[in-house]
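Let's take a friendly look at how two chains come together, and then at one residue away from that theme.

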Amino acid sequence: MKKGFYKKGFSLIEVIVASSIIAVSVISILAVYTTFLRNTFDNTASLQASYLAEEGIEAAKSMRDFGWNQNINPLTVGTNYYPYFNTGANKWQATSSSSTIDATFTRTFKVDNAYRDASDNLVTSGTLDSNSRLLTVNVTWVQGTSTKTKTLQTYLTNLYNN
Amino acid sequence: MQSRSTTKGFSLIEMLVYVALLSILLLVVINSVILIINSYRNIKTTEVLENAGLTAMDRLEAEIRNAKSIDATNSVFNSSGTSSILTLNTSTTTPAKVKFYATSTTLAVDEDGVYSGPLISSNARLKTLSLWLISTSTSQAVKIELEVESGVGPSYKSAKFYDTAILRGSY
């Protein structure tokens, strides 16, 4: 009877082991949950960056519409520029001085040479087309310890011969 | 009898250890419950905010791209407050005109002068809407700056969205 009674309960060691297993599992579940949460909240920045990248493309097209010779042709090939909106003149311009948007996003754009083959198709190597450029827009922002990037690419052409 | 009563229960030290362990565990559990409740509210706010930005920006972008020209007399540009108005002459016959305008809390759309509804859900609020008209010799474009906010107190969030869209019908 006495022996059986003693066997019934938990020893201190057992309790400590059991509670530490529970604690470790609760804490690890929490850690995973926190990671999910961070991803959820980071999504807003990703959405904002998508629109910024899209705006970069449209800004370059708008600059082309103003004048290819004035805005696109003088850009050094392979060099990053920062598009900025001139609120006085109501137009997009390129500058080499860096700037951030809302102290979070850095948006750059650059033009690269475009090449065409014998059938006028755009190719990576061929005859240089001086009236076309490969446009790359990059939006970068820092998220926690990593830097995130959104990139959009398109071709710009001297459509209006201006 | 006497010996039974001393061996039956737990010692004071044992009790203290058990209570301490239990309270630490409870603390962790209660903390996580609080975290989950708070984050639920934050997730809800973020979702409302993102939806508001996405809906408003996508509609504005699509309508601007589809438009033929700007109705300048019925538009207010270069305004940083909530008095911005954008009226577009569309490429279609119905509606021939689409008007976006900021009210104190939301962004509203009129189609051919008939109120068609808000673009931002009632849980989110419009903070500012700024519009700029970019006119070139070959095209017109509109630059949009939209700031929306959602939630109150510790779950308050706001986000700014930027976009520029060229009127494809203006070429």
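How many salt bridges does the rule find across the interface of chain A and chain B? There are 4 salt bridges between these chains, in what is a predicted model.

## Charged and polar links

In one salt bridge, the side chain of Lys143(B) pairs with that of Glu55(A), at 2.9 Å from N to O. Polar contacts link chain A and chain B as well: 16 residue pairs are counted, with both partners at pLDDT 80 or more.

On the chain A side, the elements that each supply two or more residues are α1 (2-8), α2 (12-66) and β2 (91-95). Of these, α2(A) gives the most, with 27 residues. Sorted by class, the side of chain A that touches chain B holds 22 nonpolar, 10 polar and 9 charged residues.

The size of an interface is often expressed as the accessible area lost when the parts come together. Here, chain A and chain B bury about 3,700 Å² between them, and carbon and sulfur atoms give 63% of that area. Within chain A, Tyr51(A), Glu58(A) and Asp65(A) lose the most area to chain B, together 18% of what that side buries.

Counted by residues, the contact draws 41 from chain A and 44 from chain B.

## A look at Asn158(A)

Asn158(A) sits in the segment that follows β6 (146-157) of chain A. Is this residue buried or exposed? Asn158(A) counts as buried because its relative accessibility is 11%, and the cut-off for buried is under 20%. Leaving aside residues up to four places away in sequence, Asn158(A) touches Trp68(A) and Asn131(A).

Key:
Residues numbered from 1 in each chain as written. Chains lettered and ligands numbered in written order. Predicted model: local features only at pLDDT ≥ 70, side-chain atom pairs only at ≥ 80, totals over all residues. Heavy atoms only, no water. Contact = heavy atoms within 4.5 Å. Buried area = accessible area lost by both parts, 1.4 Å probe. Polar contact = N/O pair within 3.5 Å; in protein donor to acceptor, adjacent residues only side chain to side chain. Helix = DSSP H or I, 4+ residues; strand = E, 2+ residues; numbered from the N terminus. Nonpolar A, V, L, I, M, F, W, Y, C, P; charged D, E, K, R; others polar. Buried < 20%, exposed > 50% of the residue type's maximum accessible area, 1.4 Å probe, protein only.
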